[in-house]
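Here's a quick tour of the model on your screen.

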Amino acid sequence: MSDILGRVSDEQDIFKKLLGKIPGFSGYIDRNNRRAADKLLRETIANRFDALGQRISALQRDLISQGGLSWVDDLEASALKLRQFMDRVRTASYGYAGFFDAVKVKSEELALIYQYDLALMTAGDEVERAIDNVEASLGTDGLGAAIRNLTQKSQECVSAFDKRSEVILSSSQQ
């Protein structure tokens, strides 16, 4: 997480660095950097899951061409969950709100949000392994179990992101 924040901070122009020397203004710049880093992180997560969703679409085409039409709807359930997850990630509130935003996120909650984001990146590995398992199970009796596992992993991503959103909402009610 700090790598992304560092990348955003390093890209500041000299004017922002100069304004960072003004008392009170550096906190504003830090918050904006955190927001930019959070946005970059969420875009990275969404792009990764978008690629995984494309793999699922390819598997659906393979199933259709191999006569496994009865499994396409089951596989679509996991694809829908991943699309739901990607949409939520792309449209979520930033991890650190600005001065005039309706939702304010404190530093403690921000750290928790970043932990959820790290877990979401790790969940990408689990979804990828589940897709690999579906690919390996094509044409076997284990295909149904592999698709159910993929659907479960996809739902876990949605649930994890819902918990992330709860942190943001709970901080707005304080």
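Two residues are in contact when they have heavy atoms within 4.5 Å of each other. With that in mind, take the contacts in the protein chain with a separation of 6 or more: 77% of them are between residues 24 or more positions apart.

Keep in mind that this is a predicted model. The protein chain has six helices and zero strands, so from the N terminus on you simply read α-α-α-α-α-α.

Average pLDDT for the protein chain is 77, and 69% of the residues score at least 70.

| Element | Confidence in the protein chain | Mean pLDDT |
|---|---|---|
| Helix 2 (residues 14-19) | lowest | 52 |
| Helix 4 | highest | 90 |

Watch out for residues 95-103, too: pLDDT stays under 50 there, although the model has 26 contacts beyond four places in sequence for this stretch. Where pLDDT is low, the predicted coordinates should not be read in detail.

**Surface and core**

The protein chain has 174 residues, and 38% of them are buried. Its accessible surface is about 9700 Å², with 53% of that belonging to carbon and sulfur atoms.

Which residues touch the most other members of the largest nonpolar core? They are Phe 49, Leu 75, Phe 85, Val 127, Val 134 and Leu 150, out of 34 residues in that core. Helix 3 (25-65), helix 4, helix 5 (107-137) and helix 6 (143-172) each put in at least two residues, and helix 3 gives the largest share, with nine residues. As a rule, in soluble globular proteins nonpolar side chains tend to be buried together.

Val 127 is a handy one to click on. Leaving out residues up to four places away in sequence, Val 127 touches Phe 49, Leu 52, Leu 82, Leu 150, Lys 153 and Cys 157.

**Zooming in on Ser 78**

Ser 78 lies in helix 4, which spans residues 69-91. Is Ser 78 buried or exposed? Ser 78 counts as buried because its relative accessibility is 0%, and the cut-off for buried is under 20%.

What does the side chain of Ser 78 have beside it? A polar atom of that side chain lies 2.8 Å from the backbone oxygen of Leu 75, and Leu 75 is also one of the core residues listed above. Beyond four places in sequence, Ser 78 touches Ile 56, Leu 150, Thr 151 and Ser 154. Leu 150 shows up among the contacts of Val 127 as well.

Notes. Residues numbered from 1 in each chain as written. Predicted model: local features only at pLDDT ≥ 70, side-chain atom pairs only at ≥ 80, totals over all residues. Heavy atoms only, no water. Helix = DSSP H or I, 4+ residues; strand = E, 2+ residues; numbered from the N terminus. Buried < 20%, exposed > 50% of the residue type's maximum accessible area, 1.4 Å probe, protein only. Polar contact = N/O pair within 3.5 Å; in protein donor to acceptor, adjacent residues only side chain to side chain. pLDDT = per-residue confidence, 0-100. Areas by Shrake-Rupley, 256 points an atom, 1.4 Å probe, with all protein chains shown as cover. Core = buried A, V, L, I, M, F, W, Y, C linked by side-chain atoms within 4.5 Å.
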